[in-house]
Amino acid sequence: MRKKYIPWILRSLLLYMSAFSQGTLDKTGGRSFFGRVVDITEVPFIALVIPGSRATCTGFIVAQKWVITAAHCFEETQKDAIVVIGTNDRVKWSNIIEAESVFVHPDYLVKHEESDIALIKLKHKIKISKKSKIINIASKGWPENVLRRRCYTAGYGRHMTTGSSGLLHGGQVSVGIGPYPYDCSGLAKKADHLIWSNRNESEPICFGDYGSPLICDSEAVGIGVVSFPCGKSKYGVGCGESYVDGYVSVQNNFNWLKSHISCLPTSCNKGY
């Protein structure tokens, strides 16, 4: 079932390469500013996450009652969260499901960025349709002898071209894994297992993108979770500034995910 997404991912990559060769991509801005606006039917596993604080994050559907997102989206409160399914715009809510529980990774406050992952258990099952589907997640580690991977991410972050914050849009990133080779002074502690991208060669994330899936190698499999931007300043960086973006590895947190979800889509498709 997931193979139907592959042509879309390949098409997106070709569009990116074409735009790059023609000089139409602004590399100082990138994805969160000039990324391609997409329809939810192209990325039906994407969900809009609204914590009780009413800040906006993105998440992705991994079972009919479960959504993965970033833990830091719930730093203010884990109460009264809702998830919006099947929307192209964060201000247009139609299919709303309340959260039954929010589970923040227990190591988040200790390991901080490397454990910036959370699970939302919904009160009701998501109805599978062309606008809402389950995505597989990675159960295997980073490929051996592979330094960089061409990936894709989509979310509800800022989009300057349209003048709107919250339109669903996506773009390409080139990512590596391990200790940061670039300046990143904002980390709470040294991180050896994060996935990262450099904004000089990838399109940056921005605010509402946090919690989006990182999809790699032209396969509709989530390998990471969009976590944070980082730079030379310990106070962080703004959207589009040319530093580093960090992603939490799904595979490194696979056992924790399995402890909550009895049937992950990697091993079965029952959607519990």
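Is glutamate 98 buried, partly exposed or exposed? I looked it up in the model, which is predicted. Glutamate 98 is partly exposed, because its relative accessible area of 43% falls between the 20% and 50% cut-offs.

Next I checked its partner. Glutamate 98 makes a salt bridge with lysine 123, and their closest N and O atoms are 2.8 Å apart. This pair links distant parts of the chain, 25 residues apart. I found glutamate 98 in strand β6, residues 95-104. Lysine 123 sits in the loop between β7 (118-122) and β8 (136-137). Lysine 123 is also partly exposed, at 40% relative accessible area.

How many salt bridges are there by this rule? I noted a count of three.

I moved on to glutamate 100. Its salt bridge is with lysine 121, with 3.6 Å between the closest N and O atoms. Glutamate 100 belongs to strand β6 and lysine 121 to strand β7, so this pair ties together parts 21 residues apart in sequence. I logged glutamate 100 as partly exposed, at 42% relative accessibility. Lysine 121 is partly exposed too, with 24% relative accessible area.

My last entry is on glutamate 42. Which side chain does glutamate 42 meet in a salt bridge? I found arginine 36, at 3.0 Å from N to O. Why does glutamate 42 count as buried? Its relative accessible area is 16%, and buried means under 20%. Arginine 36 is partly exposed, at 28% relative accessibility.

Note on methods: Residues numbered from 1 in each chain as written. Predicted model: local features only at pLDDT ≥ 70, side-chain atom pairs only at ≥ 80, totals over all residues. Heavy atoms only, no water. Salt bridge = Lys/Arg side-chain N within 4 Å of Asp/Glu carboxyl O. Buried < 20%, exposed > 50% of the residue type's maximum accessible area, 1.4 Å probe, protein only. Helix = DSSP H or I, 4+ residues; strand = E, 2+ residues; numbered from the N terminus.
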